[in-house]
Amino acid sequence: MSNVVDTARKQKEKYAGDADRPLGSYLGTMAVYAVTTGAVALLAWRRRGRTPPVGLGDLALMTITTHKLSRLIAKDPVTSPLRAPFTRYSGTSGPAELAEEARGHGVRHAVGELITCPFCTGQWVATAYAAGLVFAPDATRLAGATMTAVAGSDWLQLAYARLQQSAES
């Protein structure tokens with residue numbers, strides 16, 4: 001066992017150099033995701049004997065919902081209290097969005113990176129949405145429709161602001 005640990009430690013040093021890259025915590029995060037996803041898939045299969053098909057309408061709703069909810073979790077000022085234990089505020093990054101950096105070491109740093117990255121968070125959101133379609137499809141579609149409407153509203157707000165700027169120029 002100590003050979004495995006030594007080999008892992010050497011690989012981390014070769015990979016990361018002087019940078020703080022919490023590879024062990026990343027492995028832990030991947031393991032949590034894999035176990036959770038596997039458990040949900042098993043429960044879905046035992047409940048229905050198969051997973052339900054996802055139609056184009058559900059896929060479109062899931063896509064837009066995943067985009068919006070991932071950005072809400074990772075960038076929105078209102079959700080910053082949830083990110084605060086793992087991040088440090090570093091400014092704004094766009095209209096109604098914050099820029100934050102992961103802080104700490106190990107698990108704290110890995111979670112900080114996960115929850116400040118909408119691309120990373122998207123994987124978890126999409127998986128939760130898929131589980132919702134299996135266990136509570138109507139409620140999931142309602143939540144998805146709400147997030148999709150908010151995403152559409154965001155785009156209209158940005159377009160309106162752009163038109164205002166053009167009119168003032």
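Two strands are taken as paired when DSSP finds at least two bridges between them. All of the views below show a predicted model.

View 1. Strand E1 covers residues 87–94 and strand E2 covers residues 97–102; the two run antiparallel and are joined by 6 bridges. Across this pairing, threonine 92 stands opposite leucine 98 of E2. The hairpin has 2 residues between its strands, and alanine 96 adopts a positive phi near 60° there. In a regular strand, side chains alternate between the two faces of the sheet.

**View 2. The salt bridge between arginine 83 and glutamate 100.** The closest N and O atoms of arginine 83 and glutamate 100 are 2.4 Å apart in this salt bridge. Because arginine 83 belongs to helix H4 (residues 80–83) and glutamate 100 to strand E2, the pair ties together parts of the chain that are 17 residues apart in sequence. Arginine 83 counts as buried, at 1% relative accessibility, and glutamate 100 is likewise buried, with a relative accessible area of 14%; the cut-off for this term is under 20%.

View 3. Serine 80 is placed in helix H4, and a polar atom of its side chain lies 2.7 Å from the backbone oxygen of proline 77. When residues up to four places away in sequence are not counted, serine 80 touches Leu98 and Glu100. The C-alpha atom of serine 80 is separated by 9.7 Å from that of threonine 116, a residue 36 positions away along the chain.

**View 4. Helix H3 and the elements packed against its buried residues.** Helix H3 (residues 56–75) has 20 residues and reaches 28 Å from its first C-alpha to its last, close to the 28 Å expected at 1.5 Å a residue. Its buried residues are Asp58, Leu61, Met62, Thr65, Thr66, Lys68, Ser70, Ala74 and Lys75. The buried residues of H3 pack against H4, the strands E1 and E2, and the helices H5, H6 (118–135) and H7.

**View 5. The salt bridge between arginine 141 and aspartate 58.** The side chains of arginine 141 and aspartate 58 meet at an N to O distance of 2.8 Å. Since arginine 141 lies in helix H7 (residues 137–168) and aspartate 58 in helix H3, this pair ties together parts that are 83 residues apart in sequence. Arginine 141 is partly exposed, with a relative accessible area of 33%, whereas aspartate 58 is buried, at 13%.

**View 6. The salt bridge between arginine 21 and glutamate 113.** A search of the whole structure finds 5 salt bridges, and one of them joins the side chains of arginine 21 and glutamate 113 at 2.8 Å, N to O. Arginine 21 sits in the loop between helix H1 (2–16) and helix H2 (23–48), while glutamate 113 sits in helix H5 (residues 107–115), so the pair ties together parts that are 92 residues apart in sequence. Arginine 21 counts as partly exposed at 24% relative accessibility, and glutamate 113 is also classed as partly exposed, at 24%.

View 7. An unreviewed UniProt entry gives the annotation "transmembrane region" to residues 23–45. Over residues 23–45 the predicted chain is 100% helix and 0% strand, with the end C-alpha atoms 33 Å apart.

Methods
Residues are numbered from 1 along each chain as its sequence is written. This is a predicted model: local features need pLDDT of at least 70, side-chain atom pairs count only at pLDDT 80 or more; totals for chains, interfaces and linings use all residues. Side-chain values use heavy atoms; hydrogens and water are left out. A salt bridge is a side-chain nitrogen of Lys or Arg within 4 Å of a carboxyl oxygen of Asp or Glu. Helices (H or I, at least four residues) and strands (E, at least two) are DSSP runs, numbered from the N terminus. Buried means under 20% relative accessible area, exposed over 50%, partly exposed in between (1.4 Å probe, protein chains only). The expected span of a helix is 1.5 Å times one less than its number of residues. Contact means heavy atoms within 4.5 Å. UniProt positions are given in the numbering used here, feature names are shortened, and annotations may be inferred rather than shown by experiment. A polar contact is a pair of N or O atoms within 3.5 Å; within protein, one must be able to donate a hydrogen and the other to accept it, and residues adjacent in sequence count only if both atoms are side-chain atoms.
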